[in-house]
Amino acid sequence: MAVESQEAASGPVAPVRGQRLPPRARRALRATEGCPARPPVSGGAALVTGRAAPAAPGPGPGPGPGQGQGQGPGQGPELSASQREGAPSGAVSRGRPGSGRSRRGQAAPVIRLRRGAVRSRRMEGAGAGCASGGSRDPDIVCEKHLFKGKLPEPLFQLACSHHHCAFPVSRNGLCVWNTATAQPLYLSGHHYSISALSFGNKINPLLVCSASHERVIVWNLDECTQKVEEGFTPRGIVIGTLLGMVLHVRFSPDDQQVAVCAGNQIYMLSAKNEAVLAELDGHLAPVTAAEFCSWEKSMLVSVSEDRTFKVWDYSTSQLIYQSGIITASPLLSLLIDEENKQIITGCAEGQLWIFSLISDHNYRCIAHIDLKKEQEKFCNKMWKSGQEIGEGQNNFKLCKTDNMRPEGSVETSLPILLMEHCDFFVCFHNEENIYSSQNTSYFWIGTSTGLLIINLANLELEALLFYRDYSDLSIRIARSCALTRKAANGKVLCLIASMFEDMIAVLEVNLSALVRTQQSDFLPCGNEKSLSVIARCTLFANSPLCKGIKKNMKGPSSKTLGVKNTVKDKPLVFHNKIKSSGYTAAPRMAMFSPNTNLRKKEVSKWKTSCKCKNKEYPLESYPPMKYEKEISVTCKPTPIFCVQYSGDGELLACGQADKTVLIFNSNLTDVHNVFSGHDGAVNSVGWSHDRKWLVSASEDRTLRVWSTCNKEPALILGKEKFHKTVRFAQFYFIDTFILLCCGAEFHLLSFHLDTTKDDLKRYKQRSVCKLVQKFPMTSTMEITSLSAVNEFYSYIVLTAGSNRALEVFDLNAGCSTAVIQEAHVRSVHQICQNKGSSYSTQQPEAYNLFLTTAAGDGIKLWDLRTLRCERRFEGHSSRCYPCGIAVSPCGRFIASGSDDKYAYIYEMRSSTFLQKLGRHTESVINVSFNPSSPQLTTATLDGKLRLFLP
């Protein structure tokens with residue numbers, strides 16, 4: 001008795017589309033799926049596994065030994081919709097092998113129905129749904145219709161529109177299935193096998209183009225339907241003849257032209273008559289896909305098996321741009337994102353590349369996605385989230401099989417057969433706060449084993465669907481697929497053709513159910529209480545912040561209360577030196593002259609302060625991209641590890657590798673002050689909210705607080721306080737506390753600063769600092785970055801650890817509230833919050849956004865409310881040094897350093913960079929925006945500061 005087959009996690013090796021595998025290769029492929037290999041039949045009956053047995057290779061269509069009469073692969077009768085509806089549940093699902101052999105002379109479909117019914121009853125008895133392996137909702141995917149018939153060997157392109165599906169039947173026939181009325185429309189006119197199909201972009205009239213080796217035909221479906229109703233044979237318009245093997249066809253946006261990819265050439269044909277408008281020749285291998293650019297007139301983009309893409313002006317037949325070789329595998333699919341003006345291309349090995357089509361970007365590569373890695377990461381996330389909430393059994397089954405391949409199996413390729421726009425937010429139009437970035441683009445990816453949904457902003461998977469995980473689906477491995485662009489009632493039509501059998505299935509995918517089932521475990525719902533940077537409630541009585549404030553508060557003295565002094569009279573003792581009367585000194589040669597311009601200076605200073613207070617940051621200004629000046633901070637090259645502007649934008653602090661802190665004015669024209677005293681490189685600097693104090697942390701395991709009016713530190717915390725290097729320090733809760741990270745924990749310190757000196761004890765500091773509480777980060781060896789808001793009251797502190805995780809702490813509750821595992825592929829070296837400034841105003845929700853960056857993994861934008869990565873920014877190089885990032889006070893722009901001696905300016909709503917700021921002599925490792933005016937300062941590895949203005 002044969003054992004019931006189960007698909008392997010890695011899936012079978014997907015051959016190139018249109019390739020027919022020999023029987024030995026098919027048996028090896030089924031073995032990798034986890035199915036028992038079918039032994040060659042010698043005079044006995046073939047084992048039935050729910051699919052028709054493969055035909056023996058040989059001339060003639062006659063049945064092989066042990067098969068039913070006329071029941072070879074793809075030769076069985078077509079199942080109509082009424083037959084499928086009248087059949088028991090699971091009648092067309094994959095049957096259970098091994099329950100017996102088919103009797104000679106009995107039709108295979110009858111055996112299929114019986115075995116499907118038996119399996120259906122067993123599943124119903126066990127309480128199982130139609131989906132297995134992690135599918136809790138049985139309505140996620142449904143097989144609406146299954147068509148059997150002889151399919152053409154080189155079938156490369158199927159077609160779907162809003163309510164229609166087009167596919168070939170009997171090789172050279174065309175069937176257009178109306179999903180609304182469930183009525184087929186059969187069209188004939190080709191003499192050879194149809195290899196490519198495509199619908200037009202307009203609904204009235206709806207056109208469909210079919211292509212074969214000998215001709216290309218355009219059909220008007222309204223006219224064809226009318227002809228059939230009148231009893232006539234419908235005819236189409238032949239627009240091209242003898243073009244060769246056609247792999248892809250595509251209508252222009254106005255449906256006036258058709259791009260036909262035949263061999264190494266692209267033919268531009270008229271959709272109304274037989275006329276060749278242009279021939280585009282330049283590819284060195286067959287062209288696999290072509291797309292029209294809607295915002296540029298006469299622009300066409302094509303990809304080929306020569307592993308390049310080309311941009312054409314088809315009105316003049318000129319080549320605009322030719323890329324280099326992108327990958328080692330042939331490029332199979334292409335998609336143009338009109339909203340972001342980008343092209344996405346996919347290859348036969350599951351790799352995606354995104355290029356910019358903006359005019360001045362020179363078709364640069366924006367991002368690269370490895371679908372295998374993203375698929376594995378998504379499954380691991382689902383499995384871990386299921387374990388945390390105690391409901392991860394189904395997800396465990398799904399993801400565990402994906403990560404553990406059976407012994408003897410091989411790793412499969414992941415050919416990208418199709419890419420299509422996904423109407424994602426239509427499914428959630430009645431819900432709030434499901435996703436924060438409502439303007440994000442999503443698109444479908446069709447592979448040989450399933451469907452994926454990719455978020456184009458953060459380049460991550462949103463949902464995953466494997467055909468093998470749904471028992472009611474007849475097709476497990478596809479050689480071609482098509483999807484509708486828009487969803488109807490939250491459902492999308494999918495048309496797939498089987499890789500090994502002559503079957504085409506029409507699937508209905510419930511998009512909202514798919515996303516909700518897979519993401520409800522690790523996405524917060526809209527009605528749940530989410531985190532917020534802005535404090536929403538008062539301090540708790542047992543809050544660490546409340547305890548620290550109480551310790552800082554001093555009780556009123558008796559003199560303040562007016563209580564009579566009860567101290568007895570005592571002899572007068574002078575504890576300090578008494579200044580001489582001056583009679584013994586030499587007489588003065590000049591009398592005292594008063595400072596007559598004192599009032600004038602005070603008035604000007606008052607006017608200046610009033611002017612600064614009334615100043616507003618220009619929210620609609622251009623980003624600072626114009627080079628203004630450059631200075632060297634020291635005589636010899638010295639790395640600048642940190643830079644930060646004061647809150648009023650008047651001063652700039654720089655922490656250097658030579659153990660000093662330099663204070664410049666905002667225009668970099670003068671050095672305001674120099675602070676020295678650290679015994680190691682300065683890791684971080686931070687300004688107080690009142691602009692009077694500066695805190696610095698160093699590699700020497702000390703922390704110092706400086707006054708801007710004095711060169712000596714007001715507070716020193718020595719090595720005895722910290723067991724490891726202080727990586728980061730800043731003021732917090734509007735200068736009430738100091739936050740610092742040391743090792744795997746961060747400290748909350750309360751302090752009192754006093755710069756007065758005692759002549760007898762002048763070396764003893766009068767400033768006081770006390771530890772309020774330590775907060776350890778979960779499962780990490782060291783905190784690599786820390787961030788909190790000091791400009792307004794906030795309870796949230798963000799930390800990043802060496803374990804590549806992010807952790808959110810609520811200091812009002814005094815505990816950790818959320819952990820984001822594997823935020824980057826490497827440990828995060830900087831967290832940058834959108835703090836705004838005193839001179840700009842943003843929406844309250846904007847302060848919940850923050851950025852993280854890691855070496856070699858670009859920049860990620862996160863939303864604190866959903867704890868999801870909302871967008872990724874790639875394009876700069878950050879592999880050798882940890883390059884810093886900054887957010888503009890208006891919240892519209894992001895600045896980043898880079899290894900290639902450039903600074904990059906990104907727009908918050910776009911993943912591609914806006915401008916490159918050059919002329920640097922070394923790697924740019926730090927950047928900082930001026931909070932009061934649109935200025936940007938960059939710091940390099942060789943100790944140079946560069947100022948940029950709008």
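Visitor: Which residues does L269 touch, not counting residues up to four places away in sequence?
Guide: This is a predicted model in which local features need pLDDT of at least 70 and side-chain atom pairs count only at pLDDT 80 or more, while totals for chains, interfaces and linings use all residues. Residues are numbered from 1 along each chain as its sequence is written, and side-chain values use heavy atoms, with hydrogens and water left out. Contact means heavy atoms within 4.5 Å. With residues up to four places away set aside, L269 touches I239, G240, L243, Q256, Q257, V258, V260, A275, V276 and L277.

Visitor: Does L269 count as buried or exposed?
Guide: L269 belongs to strand β12 (residues 265-270); strands are DSSP runs of E with at least two residues, helices are runs of H or I with at least four, and both are numbered from the N terminus. Buried means under 20% relative accessible area, exposed over 50%, and partly exposed in between, with a 1.4 Å probe and protein chains only. Because its relative accessibility is 0%, L269 counts as buried.

Visitor: How many Å apart in space are L269 and F251, C-alpha to C-alpha?
Guide: Along the sequence, L269 and F251 are 18 residues apart. In space, their C-alpha to C-alpha distance is 9.6 Å.

Visitor: With which residues is S646 in contact, leaving aside its neighbours within four places in sequence?
Guide: S646 has its place in the loop between β30 (640-645) and β31 (651-656). With a relative accessible area of 1%, S646 is buried. Its contacts, leaving aside neighbours within four places in sequence, are L651, W687, R691 and P931.

Visitor: Which residue takes a positive phi in the hairpin of β30 and β31?
Guide: Two strands pair if DSSP finds at least two bridges between them; β30 and β31 do this in the antiparallel sense over 5 bridges. Within that pairing, V643 stands opposite C654 in β31. The hairpin has 5 residues between its strands, and the positive phi, near 75 degrees, belongs to G649.

Visitor: What is the order of the strands in the open sheet of 4 strands?
Guide: Here the pairing is antiparallel. The edge strands, each pairing on one side only, are β42 (783-788) and β45 (815-820). Read across the sheet, the order is β42-β43-β44-β45.

Visitor: Which residue of β45 stands opposite E807?
Guide: Strand β44 (residues 806-810) pairs with β45 in the antiparallel sense over 5 bridges. The residue in β45 that stands opposite E807 is V819.

Visitor: Which side chain meets E782 in a salt bridge?
Guide: A salt bridge is a side-chain nitrogen of Lys or Arg within 4 Å of a carboxyl oxygen of Asp or Glu, and a search of the whole structure finds 16 of them. E782 lies in the loop between β41 (768-776) and β42, and its partner is 55 residues away, in strand β38 (residues 726-732). E782 is partly exposed, with a relative accessible area of 25%. At 2.9 Å, N to O, the side chain that E782 meets is that of R727.

Visitor: Which residues do salt bridges that share partners join into one network?
Guide: The side chains of R868 and E870 meet in a salt bridge at 3.7 Å, N to O. Both of these residues are buried. Through shared partners, the network joins E462, R868 and E870.

Visitor: Which residue follows α4?
Guide: At the start of helix α4 (residues 221-230), a side-chain oxygen of N220 reaches to within 3.2 Å of the backbone nitrogen of D222; a polar contact is a pair of N or O atoms within 3.5 Å, where within protein one must be able to donate a hydrogen and the other to accept it, and residues adjacent in sequence count only if both atoms are side-chain atoms. After the helix comes a residue with a positive phi, near 95 degrees: G231.

Visitor: How many helices and strands are there in the chain?
Guide: The chain has 950 residues, and buried residues make up 54% of them. The count of secondary structure elements is 10 helices and 56 strands.
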